[in-house]
Amino acid sequence: MLRLVAFTLVIALAVAFGLALVRKWGWLEWMQVHSNGFFNKLLNCHFCTTFWACFGVTAVVFAITTWLPLLACPILATPIAVRLW
C-alpha cells in the first residue's frame, strides 16, 4: 500500500511539472488552437487534461515495470496533480 502511495505521488508530481512546463512554453495553447472541437474541449478542462496525462505517464511506467496495481495511480494521482498544476 505504501508503494502505491509513493508511485501515486511521484506520478502526480511528474505530471504537474510536465503540464506546467507545457503551459509555460505555450504548447498547451497551441494545441488548443490547432485541435478539433473534441480535443479543444479536452485541453481546456484541467481535470481531463490532468487525468489523461497521468494515465499516459502511468502507461509508460507500467509498460516498463509491468506492475499491475500501478494502474490505479491515474485515478489517485489526478486530484493531487490538478491542485499542484
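A nonpolar patch on the surface of this predicted model is formed by M1, L2, V5, L9, L13, I80 and L84, which together have about 730 Å² of accessible area. Patches comprise residues with over 30% relative accessible area and no salt bridge; nonpolar side chains (Val, Leu, Ile, Met, Phe, Trp, Tyr) are joined within 5 Å, and like charges within 9 Å. A salt bridge is a side-chain nitrogen of Lys or Arg within 4 Å of a carboxyl oxygen of Asp or Glu. The model is predicted, and local features need pLDDT of at least 70, side-chain atom pairs count only at pLDDT 80 or more, and totals for chains, interfaces and linings use all residues. Residues are numbered from 1 along each chain as its sequence is written, and side-chain values use heavy atoms, with hydrogens and water left out.

Helix 1 and helix 5 each supply at least two residues of the nonpolar patch, and helix 1 gives the most, with 4 residues. Helices (H or I, at least four residues) are DSSP runs, numbered from the N terminus. M1 lies in the segment before helix 1 and counts as exposed because its relative accessibility is 78%; exposed denotes over 50% relative accessible area, buried under 20%, and partly exposed the range in between (1.4 Å probe, protein chains only).

Helix 1 has 23 residues and reaches 33 Å from its first C-alpha to its last, close to the 33 Å expected at 1.5 Å a residue. The expected span is 1.5 Å times one less than the number of residues. The buried residues of helix 1 are L4, T8, I11, A12, V15, A16, L19 and V22. These buried residues pack against helix 2, helix 4 (46–65) and helix 5, where contact means heavy atoms within 4.5 Å. Just after helix 1, G26 takes a positive phi of about 85°.

The largest nonpolar core has 14 residues, and those with the most contacts inside it are I11, V15, L28, C54, A77 and A81. Helix 1 (2–24), helix 3 (37–44) and helix 5 (73–84) each supply at least two residues of this core, with helix 1 giving the most, 6 residues. A nonpolar core is a set of buried Ala, Val, Leu, Ile, Met, Phe, Trp, Tyr and Cys residues joined through side-chain atoms within 4.5 Å. Not counting residues up to four places away in sequence, L28 touches V22, R23, L43 and W85.

Q32 is found in helix 2 (residues 27–33) and counts as buried because its relative accessibility is 17%. With residues up to four places away in sequence not counted, Q32 touches N40, L43 and N44.

Conventions
Areas by Shrake-Rupley, 256 points an atom, 1.4 Å probe, with all protein chains shown as cover.
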